[in-house]
Amino acid sequence: VASFLPKPVQKLIDEFSRLPGIGPKSAQRLAMHLLHSPDTRVREFSDAVSGLKHNVQFCSRCWNIAEGELCRICADSFRDQRQICVVEEILDVVALERTGEYKGTYHVLHGALSPVDGIGPEQLKVYALVERVQGLTLTEGTTETPVELRAAEVQGRGLVEGIEVILATNPGLEGETTALYLLKLLRPFNIKITRIARGLPVGGDLDYADEMTLSRAMQGRGEFF
Ligand SMILES: [Zn+2]
């Protein structure tokens, strides 16, 4: 559609309308808002956009977003590095962090298995998770005292103590398929594997659930077989 608007304005409107949830009308309003804003505000906005790809990368351990090699959660020595909550998307980390209760770490898969859409384990950060768990069990093996090892034996489970993988993929077909697939891959490591409790709306994404529901799902997690 030909526009009487100056090209830079029209270009900004076009860019805004490509964003999810922004219709043409909202795009116009946003562009006009910026046009009326002081130069410094506009510069701050533009710096925020252009800095996004320069200053942000994926955490080399959990694939969350990070400013450096590790994200803040992986770099935090107060977080239990032996507890890994596996989620589909970065926004799920944001949602779970909002509850303020979880003190472990995460692993972001960047999607869920979906054979119909051609999304297999290679398209997700699945093997990175397996390597991470393997790394943890190896370190455990060398630091564990014989007493602790015997304790694990007495429990009759032979579990590598202290390591837990919480499968927090979304409820619904793809999330469940992914959780079952991960269970199969991780079972040989003899670690505790749990699945967040149901009660989350099926088909609803984790990041849409309210904090109360999320806390309850986390607390009510059960061992997954
Ligand atoms: Zn991380």
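Asn-190 counts as partly exposed, at 36% relative accessibility (buried means under 20% relative accessible area, exposed over 50%, and partly exposed in between, with a 1.4 Å probe and protein chains only). Asn-190 is found in the loop between α8 (173-186) and β6, where helices (H or I, at least four residues) and strands (E, at least two) are DSSP runs numbered from the N terminus. For background, most residues other than glycine have a negative phi.

A word on the ground rules. This is a predicted model, in which local features need pLDDT of at least 70 and side-chain atom pairs count only at pLDDT 80 or more, while totals for chains, interfaces and linings use all residues. Residues are numbered from 1 along each chain as its sequence is written, and side-chain values use heavy atoms, with hydrogens and water left out.

Trp-63 also has a positive phi, here about 70°, and it is not a glycine either. Trp-63 is found in the loop between β1 and β2 and is partly exposed, with a relative accessible area of 24%.

On to the metal. The zinc ion has four protein donors, Cys-59 (SG), Cys-62 (SG), Cys-71 (SG) and Cys-74 (SG), lying 2.3 to 2.4 Å from it. Donors are N, O and S atoms within 2.8 Å of the metal (3.2 Å for Na, K and Ca), and sites may look incomplete because water is not among the atoms. Angles among the four donor atoms run from 104 to 118°, and the site is tetrahedral. The ideal angle for four tetrahedral donors is 109.5 degrees.

Along the chain, the donor residues of the zinc ion follow the spacing C-x2-C-x8-C-x2-C. Cys-59 lies in the loop between β1 (57-58) and β2 (65-66), and Cys-71 in the loop between β2 and α4 (72-75), so this pair ties together parts that are twelve residues apart in sequence. Cys-59 is buried at 0% relative accessibility, Cys-71 is buried at 1%, and Cys-74 is buried with a relative accessible area of 5%. As for disulfides (pairs of cysteine sulfur atoms within 2.5 Å), the structure holds zero.

Next, the sheet. Five strands form an open sheet in the order β4-β3-β5-β6-β7, with mixed pairing; two strands pair if DSSP finds at least two bridges between them. β4 (104-108) and β7 (222-223) stand at the edges with a single partner strand each, so one side of each is left without a neighbour in the sheet. Even so placed, β4 has five of its five residues buried, so it is largely enclosed by the rest of the structure. Strand β3 (residues 80-87) pairs with β4 in the parallel sense over five bridges, and Cys-85 stands opposite Tyr-106 in β4. Strands β5 (residues 164-167) and β6 (residues 192-195) also run parallel, joined by four bridges, with Thr-194 in β6 as the bridge partner of Ile-166.

Finally, the rings. A search of the whole structure finds three aromatic pairs. Rings of Phe, Tyr and Trp (its six-membered ring) pair if their centres lie within 6.5 Å; planes under 30 degrees apart count as stacked, over 60 as edge-to-face and the rest as tilted. Phe-16 and Phe-45 have ring centres 6.1 Å apart and planes at 50°, so this pair is tilted. Phe-16 lies in helix α1 (residues 7-17) and Phe-45 in helix α3 (residues 39-55), so the contact ties together parts that are 29 residues apart in sequence. Phe-16 is buried at 9%, whereas Phe-45 is partly exposed at 31%. Tyr-102 and Tyr-106 make an edge-to-face pair, 5.1 Å centre to centre with 65° between the planes, and both are buried. Tyr-106, in strand β4, has a relative accessible area of 1%.

How values were computed. Tetrahedral: all angles 85-135°; square planar, octahedral: opposite > 155°, others 65-115°.
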